[in-house]
Amino acid sequence: DLISMIFEILIEADVLSSYERNTNLPGYRLLCESLTGRGEDIKCSWITSLVQQAIKASTLSENIAGDAACNRLLSLAVQQSNLDLVKELLRHGVDVHAAHGVFSPTEQACYASDLPTFELIINQADRSLFNRAGNQGKTLLHWAVSGTVPGYLTKIQRLLKLGADID
């Protein structure tokens, strides 16, 4: 689509590399921050392609796993069940447990995502952290019980099967 084509042109014209050289910041971070700023509107089909292009073109992408902007974008993608974007960010090692803001991606999956997104995130999660209380003082099971989307019973059953503690 048009936005992806424009972004490709910017990469080919060395704009991303120039930004990175001048700021010593990865270009994908700026994109992730901009997308996170869109809030409720990151389900567009072109977004995953843009993130993929930005990460691939970046010369400073060695620490993407710990990048706060990528983690915030992962949490938002989980909340909105943008499965393709979640897969792309996970492929680059973005941490499912890091909370930058209110929710970690695992908490967001338990609370607000659809079942396919929940399964993808839970399969990446460290099971030894299932019973750890997060920033809000709730465990993953607490978030699933108070969930906002259909399928919360399935999420609860899956968490219990994987070792979540009901106490």
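Student: Which helix is Thr 106 in?

Tutor: Thr 106 sits in helix α7, which covers residues 105-112. Keep in mind that this is a predicted model.

Student: Is Thr 106 buried or exposed?

Tutor: Thr 106 is buried, because its relative accessible area is 2% and the cut-off for buried is under 20%.

Student: What does Thr 106 touch, leaving out residues up to four places away in sequence?

Tutor: Its contacts on that count are Val 96, His 97, Ile 121, Ala 125 and Leu 140.

Student: OK, now Asp 114. Where is that?

Tutor: Asp 114 lies in the loop between α7 and α8. Asp 114 counts as partly exposed because its relative accessible area is 30%, and that class runs between 20% and 50%.

Student: And which residues does Asp 114 touch?

Tutor: Ser 81 and Lys 155, again not counting residues up to four places away in sequence.

Student: How far is Asp 114 from Leu 90?

Tutor: Their C-alpha atoms are 17 Å apart, and the two residues are separated by 24 residues along the chain.

Student: Change of topic: the largest nonpolar core. Which residues touch the most other members?

Tutor: Val 51, Leu 74 and Leu 159 do, in a core of 42 residues. Two or more residues come from each of α3, α4, α5 (68-79), α6 (83-91), α7, α8 (115-124), α9 (140-145) and α10 (152-161).

Student: Which of those gives the most?

Tutor: α5, with seven residues.

Student: What is Leu 74 in contact with, apart from neighbours within four places in sequence?

Tutor: Val 86, Leu 89, Leu 90, Val 94, Asp 95, Val 96, Pro 105 and Ile 121.

Student: Which residues of α4 are buried?

Tutor: Trp 46, Ile 47, Thr 48, Leu 50, Val 51, Gln 53, Ala 54 and Ile 55.

Student: Last one, the largest pocket. How much space is in there?

Tutor: About 170 Å³. Helices α1 (2-12), α2 (15-23) and α3 (27-37) are the elements that give two or more residues to its lining. The largest share, four residues, is from α3.

Student: What classes of residue line the largest pocket?

Tutor: Nine are nonpolar, two are polar and none are charged. The lining residues include Phe 7, Tyr 19, Ser 34 and Ala 54.

Note on methods
Residues numbered from 1 in each chain as written. Predicted model: local features only at pLDDT ≥ 70, side-chain atom pairs only at ≥ 80, totals over all residues. Heavy atoms only, no water. 1 Å grid on protein atoms, 1.4 Å probe; cavity = no way out; pocket = protein on both sides within 12 Å on 5 of 7 lines; lining within 4 Å. Points joined across faces, edges and corners; volume = space filled by probe spheres on them. Nonpolar A, V, L, I, M, F, W, Y, C, P; charged D, E, K, R; others polar. Buried < 20%, exposed > 50% of the residue type's maximum accessible area, 1.4 Å probe, protein only. Contact = heavy atoms within 4.5 Å. Core = buried A, V, L, I, M, F, W, Y, C linked by side-chain atoms within 4.5 Å.
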